[in-house]
Amino acid sequence: MTIDVVGVSKRFKSFNALDNVSLHVRSGELVALLGPSGSGKTTLLRIIAGLDWPDAGEVRFDGEDALARTVRDRNVGFVFQHYALFRHLSVFENVAFGLRVRTGKDKVPDAAIRARVSELLELVQIDWLADRYPGQLSGGQRQRVALARALAISPRVLLLDEPFGALDAKVRKELRRWLRHLHEELPVTSLLVTHDQEEALELADRVVVMGHGRIEQVGTPAEVYENPATAFVHDFIGETLALPAEVRAGRLYAGDRPLALDSQGTADGPARLLARPHDVDFADPGDAPFAGRVLAVRTFGPVRRADIEIAGRDGPVVVEAAVPLQQDLATGGLIGLLPRKYRVFAASA
Amino acid sequence: MSVAEIAPPATAPARVIRQAPPVHTEPPAVRIAIITVALVFLGLVIGLPLVSVFVQAFAKGWQTYVAALVDPDALAAIRLTLIVAAISVGLNLVFGLVASWAIAKFEFTGKSFLITLIDLPFSVSPVVAGLVFVLLFGSQGLIGPFLQANDIKIVFALPGIVLATVFVTFPFVARELIPLMQEQGTSEEEAAISLGASGLSTFFRVTLPNVKWALLYGVLLCNARAMGEFGAVSVVSGHIRGLTNTMPLQIEILYNEYQFAASFAVASLLALLALVTLCAKTILEKRLTREH
């Protein structure tokens, strides 16, 4: 089922949660809504589910107006951030809930409910927990129950709100792979909200990066990582080394010194040169466009990082650079930084 | 870092405890003194009066005790008390549930005003509460002439007693439910609706089961207060023997007529109710803490 969001806006009192957001999700896709807290990603998910209503805009499922239907009739599977399992019901009854509440001509016979629930519990690999209560389960097990419960109503849209947020790193990684596998097995279009970029990049077909109630960029994980459309995306996804600069008459300057770097068509004014740490080489201070004093060097496993203080327009700026293992770097010494691959954005952006 | 590196050797803690007792442990003499003071105080202020109620009730033998209870006026008082409690607890169960549901699960203007209003009966003297109903429904009251013209009796009759009791006991159920419902939030309800449940079905399948023990607890306290209420009921009842006297009122009348044994016999029933309430309350509290 395709999902279309057209010009959706939503305000909470004075806070602009969503500002004219449009998004197209293809059928069978797994899309991640990625952004910091307060970026509006959960609000967008709740509007698609029908748990919140937009002030303006449209939501369409397969071209049909979804806003004309309540959450009850949208047939979406929603997995809540803290699972929201029914604490007074067993795992079995939690999963059976969506079938039990059907009345009249939609009523599901008890035998069919039993069969369907067993099948789902097997699918999420927790059939041995059927008689337990949510309070007796681990975080990962609750997550599986929540997913089985959402799948019980055979939704064609699966919405997941920070599905792995409350789990420890190891379980998270395992469940992530398993969810991707599950998505491929089921005829379902999935939308996942996360603030964890690693999760979004690893799991999703496409990533929607959100900030301040707007969509900053939509693209494949490789696209948003390699070619960030805005400084916000560059900052938010992957590690960023930000160097202060200025564009004057189309040329890049560091202080009063012109740089032999491309300004990439950025408008005149204060600018920021953004690069991935591994795309910045060390060089002799005299030859490099940027130079600074080494404050500290840290090593964790194969990774070495150095804090380098660089003179900026409004006082010194400390950047974190990646240091090759074979490089000797003395604390207190001067070192030059030479960006190999970089993007230039206006500083206000 | 692995877990094994952080955890201290398994044998260490036991030895440490034996060498240095926890700092918050008082010397035995102090402990015994404090506990004795607490027990003596409880015994004097609560235990002794409770025992004396039963001693006085049986002072003239159990025949007198039984006779006092099967007296037609006493029986009428017991029956009235049960009826009033049943109606007002029933009403407050529904009101309390609806009010706390609205307050805890929805946002609306005037919400804090509603919360204050629910607490009002706790801060108003019961006598004033009773007086309010007399002023409203009494023959000199606001709606009095209209009621008289239509031959409806509220004050000095069952409806007045029920109204006064409902007013006084209103906060018990709501106060018990609001904090719990607020803590539970609305996500389970949202989950239920997203799974296709109707509003009513969500309420009965999710909201109500989640608060059932707290609800029972509130009902219990509400019932105890409804049966024991004196002030407000005293003002609206009119003290008509065998007709509008509840148990507390009947006890007062008997006492004022120097029928001590009979008075304490009826009082012993209320004391018994208190004990039963206490036991039930303890059991419910255990269930409540176990589930949350």
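Predicted model: local features only at pLDDT ≥ 70, side-chain atom pairs only at ≥ 80, totals over all residues.
On the side of chain A, R72(A), R87(A) and H88(A) provide 35% of the area buried against chain B, more than any other three residues. In terms of residues, the contact draws 19 from chain A and 18 from chain B. Two salt bridges are found across this interface. The side chains of R46(A) and E190(B) also come together in a salt bridge, with an N to O distance of 2.5 Å.

R46(A) leads directly to helix α1 of chain A, where it is one of the buried residues. This helix spans residues 41-49 and is mostly covered, with eight of its nine residues buried. Besides R46(A), the buried set includes K41(A) and T43(A), along with L44(A), L45(A), I47(A), I48(A) and A49(A). Just after the helix comes G50(A), which adopts a positive phi of about 100 degrees. Helix α14 of chain B, residues 247-256, is likewise mostly covered, and seven of its 10 residues are buried. Among them are M247(B), P248(B), L249(B) and Q250(B). Y258(B) follows α14(B) and has a positive phi near 60 degrees.

Q141(A) sits in helix α5 of chain A, which covers residues 139-151. With a relative accessible area of 18%, Q141(A) counts as buried because this value falls under the 20% cut-off. Leaving aside residues up to four places away in sequence, Q141(A) touches I126(A), W128(A) and L129(A).

Over all chains, a search of the whole structure finds 34 salt bridges. In one of these, E184(A) pairs with R180(A), and their closest N and O atoms are 2.8 Å apart. The two residues lie four apart in helix α6 of chain A (residues 169-185), so about one helical turn separates them. In general, an α-helix has 3.6 residues a turn, so residues three or four places apart point the same way.

Another salt bridge joins D281(A) and R340(A), with the closest N and O atoms 3.0 Å apart. This pair links distant parts of the chain, 59 residues apart: D281(A) belongs to strand β15 (residues 280-283), and R340(A) to the loop between β19 (334-339) and β20 (343-346) of chain A. D281(A) is partly exposed, at 28% relative accessibility. In chain B, E229(B) and R225(B) form a salt bridge whose closest N and O atoms are 3.0 Å apart. Here E229(B) is buried, with a relative accessible area of 4%, while R225(B) is partly exposed at 27%. Shared partners also join E239(A), R298(A), R305(A), D307(A) and E320(A) into one network of salt bridges.

Finally, the second largest pocket has a volume of about 320 Å³. It is lined by 15 residues, of which K105(B), F106(B), T186(B), E189(B) and I193(B) are the closest to its centre. Helices α5 (72-105), α10 (187-194) and α11 (199-210) of chain B each give two or more residues to this lining. By class, the lining comprises six nonpolar, four polar and five charged residues.

Notes: Residues numbered from 1 in each chain as written. Chains lettered and ligands numbered in written order. Heavy atoms only, no water. Buried < 20%, exposed > 50% of the residue type's maximum accessible area, 1.4 Å probe, protein only. 1 Å grid on protein atoms, 1.4 Å probe; cavity = no way out; pocket = protein on both sides within 12 Å on 5 of 7 lines; lining within 4 Å. Points joined across faces, edges and corners; volume = space filled by probe spheres on them. Nonpolar A, V, L, I, M, F, W, Y, C, P; charged D, E, K, R; others polar. Contact = heavy atoms within 4.5 Å. Buried area = accessible area lost by both parts, 1.4 Å probe. Salt bridge = Lys/Arg side-chain N within 4 Å of Asp/Glu carboxyl O.
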